[in-house]
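Please open the structure in your viewer and keep the selection tool at hand.

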Amino acid sequence: MQLGQRGNTSGSSKFFSLKWKIGLIVSLILIVINSSITIAVYRQSNLQFNEQKLALLQQQQRMMSGLLQRDYEQLTGFANFIPLLSGGMDDDDDAATGLRAILERHSALLGLEWGIEAISYFNAAGQREYSWAGEAQRASHLRLARQAAQTDGPTGWLECVQNCVLTLALPQLEGSLRGGILVLSRSVADGVLEFHRLSGSEAAVLVVHQSHIRSKPGKADRRLDVWGVDVPALSHPDLTFDVLKVLQRQYRLQELTREPVFVESKGQWYACLLRYDEAAGEGTAFMVISPVSEDLAQLASANRMILTAGIAGLLVTGSVLLVFLWTPMNRIHQIVAALPALARSDFAMLRRMLPQRRGGVLKDEIDVVVDSVQQLSDDLESALEARGEAEKNLVWLADHDPLTNLFNRRRFQEVFDRILALAVRYKRTGALLFLDLDQFKYVNDLSGHQAGDSLLLLVSATLRDAIRHTDILARLGGDEFALVLPEADAGDAIYISNKLQHDLKQVEFSSNGRVHKISCSIGITLFPDHGNELNDLLANADMAMYQAKEAGGARWHMYSPDELAKELLASQAKWRERITQALMEDAFVLHYQPIYDLSAGCVTRYETLVRMRDVSGTLIFPDKFIPVAEESGQIRDIDRWVIRKAIECVQDNPTLSLAVNLSGRVLDDPSLLAWFHVQLQESAIDPSRLIVEITETAAVANVQDAITFMREIKALGCRFALDDFGSGFSSFAYLKQLPVDIVKIDGAFIQNLATSDQDQLFVKALTDVAKGLGKITVAEFVEDAETLRLLQNFGVDFAQGYYIGRPSPKMRDTV
């Protein structure tokens, strides 16, 4: 019995091989089928043998009955023939005298040849006139003669006491015995012997015990006490009686009448069958005993042949099946043995252990499995190799900037922490330089981000070539770089800063037909003089860098703790960080202020106002973070966030009209229009539902750019509104040039409208001019009913303010 092994992560365990399982199951099936066939054939052979023996015994029983019938007929013939024998009797002799003379003359014929044992003659009166018989036979002859006299016909019976005697009483109708009854008795022993001679079987006559009959002295009793029968006649007495004694120990008498039974006596086997014969008299039966030792030997030989053939058939079919299954099962075993190598990722071992693939007509399901396992191993090997490469790349990317291959912020902080700790411990001086490229965002805006990435690669290569091999250079993000100078003082830091400035100025970068000059602003801080904490030093270097940038850029600035601008710069840096965090965490929210349609008498649109939510959940108004965002350039991301959220609101409510406030910096953002166009196409909203607003101050500061921007916005399908109109000195002059749809009157002219005649005059004039130019007017800062009434009288189209409704995160129709 073969056991296999299965490998896994927890060890190996033995299992019963599949080929042996299949072999065992198929063998069991073959054994069951073959055994069933063999048993069926065996049973059929035995049944056929029993049936043949039953038929033979029944035939022999019929032969025995035929012999008795023949004896009966012979006695009838003898009874008719005896009176015809010439005995020398005179005519004057009576019947008894004549019969005596016949018997004396022909006694040899009657006794030896005909087997007559007793003769009696009864006259017509029923009186015995002559008897050649014993006492018991005389009584029997008398009873039988009386029966014959009553029936007036031949009457006979078989009487078995100590011997079996066939007795016949025949009325005499002719001859010298006419009118009388002649009774003849003849032993059946000759018939039993003749039966043995003719059939080769033994026979025995069984008679139920008759207690009133006694055996004559000198006669040995043959009784079977278990059955309660006598055996008055039998062939081969010793042999036959021994068989009968064996039978009575093993069977009841009634069981012998249904089917043949087989018994062994003195090393020989016999088939026995019992039959009751009504003609022989009540309680008399014939037992036929047929020797079957040779037949049983032949049957055993046939059964052995059947069993041998069955075993041979089983072995042959099993061998053929084993030969047929051995190869595929062995190939399956090879696959099973090879699969643990797959689990261990030992692909070379797997390929060596897999069975050879077959093609053509020899190909089968196992070859498909082999192909699949090989393909799986190839795929897993490739995947593991790719995973290994990816893990290496991830480890590398965890420490490096993917664009410039410089250290990233995380790795830089780890290295700088170690350098700073060593400097503090051994009281050595080092320098931290914070670099920010000047006007880098314009390169992105004018030439695209791909050009910006190329510029960053060029800058990083220039910086790497300019520093020492002991210096640590990293890209912190965007266009910001950091440089650590271990073992450096202020002079070394200034020298390196000047060198970097000089080398960067030598670099010219061209993209899309534009040539860009490269410069950077550098903030310098010394450690541990200016701090011994990483965050403090980075903040100090950042503030120094902004000092350099505020001074016009393309220069360096050394951090000084006594500078008055420290607090302001720290505050700006903090706000820049908060804005960055809010953009990353989507911490901005929109509030909606209703705009009231004075002619329709209801709210028909809303203005979106952006708010920032800090970590505590407090709302921060735009005047706190918008100036910093405009200075840092973060306002562009805020403008895009506002536009995206406004589009989502219109998607949710297609009938809604929203006025979107954008900063004046959108005029310097050339990529905004293309991005805005994509957003409108992807959202599939009606562009006219969006009203883009910028302030008059921003538009007047760069009129031509403002006109171009407004036209392109309107080309997208949106409407344009000029916010805070009237705050400039030449508002009316520019109103004619600017392609706006809506003019929003500055709140400074609305707040005191109810009490100021000058404001009323200005608002009335501005409204008339706007109407004359086909523009819609909106009044802001409406805070009471009187102001609303005056605006309606002046012909102003829309109004908004606290009286109409305060800004809210949910849209409400109020007045």
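A residue is called exposed when its relative accessible area is over 50%, buried when that value is under 20%, and partly exposed in between. The model shown is a predicted one.

**First stop: a pair of charged residues.** Select E508, whose relative accessible area is 53%, so that E508 counts as exposed. The structure holds 33 salt bridges.

**Second stop: two further salt bridges.** Select K645 and D586, whose side chains meet in a salt bridge with an N to O distance of 3.8 Å. K645 belongs to helix 17 (residues 635-652), while D586 lies in the loop between helix 15 (566-585) and strand 21 (588-597); the pair therefore ties together parts that are 59 residues apart in sequence. Both are partly exposed: K645 has a relative accessible area of 23%, and D586 has one of 41%.

Now move to helix 22 (residues 757-772) and select K764 and D768, which are four residues apart and thus separated by about one helical turn. Their side chains form a salt bridge of 2.8 Å, N to O.

Select residues 116-122. Is this strand largely enclosed or open? Six of its seven residues are buried, so strand 3 is largely enclosed by the rest of the structure. Highlight I119: its bridge partner in strand 7 is L184, and in strand 4 I119 stands opposite W132. Strands 3 and 4 form a hairpin with five residues between them, and G126 in the turn has a positive phi of about 85°.

Display the six strands in the order 9-10-8-13-12-11, which form an open sheet with antiparallel pairing. Strand 9 (223-224) and strand 11 (261-265) are the edge strands, each pairing on one side only. Helix 5 (residues 189-199) packs on the sheet, where it touches strand 8 (202-208), strand 10 (229-234) and strand 13 (284-291).

**Last stop: a surface patch.** Select I25, I29, I33, I37 and V41, which make a nonpolar surface patch of about 440 Å². V41 lies in helix 1 (residues 18-81) and is partly exposed, with a relative accessible area of 36%.

Technical notes:
Residues numbered from 1 in each chain as written. Predicted model: local features only at pLDDT ≥ 70, side-chain atom pairs only at ≥ 80, totals over all residues. Heavy atoms only, no water. Buried < 20%, exposed > 50% of the residue type's maximum accessible area, 1.4 Å probe, protein only. Helix = DSSP H or I, 4+ residues; strand = E, 2+ residues; numbered from the N terminus. Pairing = 2+ DSSP bridges. Contact = heavy atoms within 4.5 Å. Axes fitted to C-alpha atoms, helices over the stretch in contact; angles between N-to-C directions. Patch = residues over 30% accessible without salt bridge, like charges linked within 9 Å, V, L, I, M, F, W, Y side chains within 5 Å. Areas by Shrake-Rupley, 256 points an atom, 1.4 Å probe, with all protein chains shown as cover. Salt bridge = Lys/Arg side-chain N within 4 Å of Asp/Glu carboxyl O.
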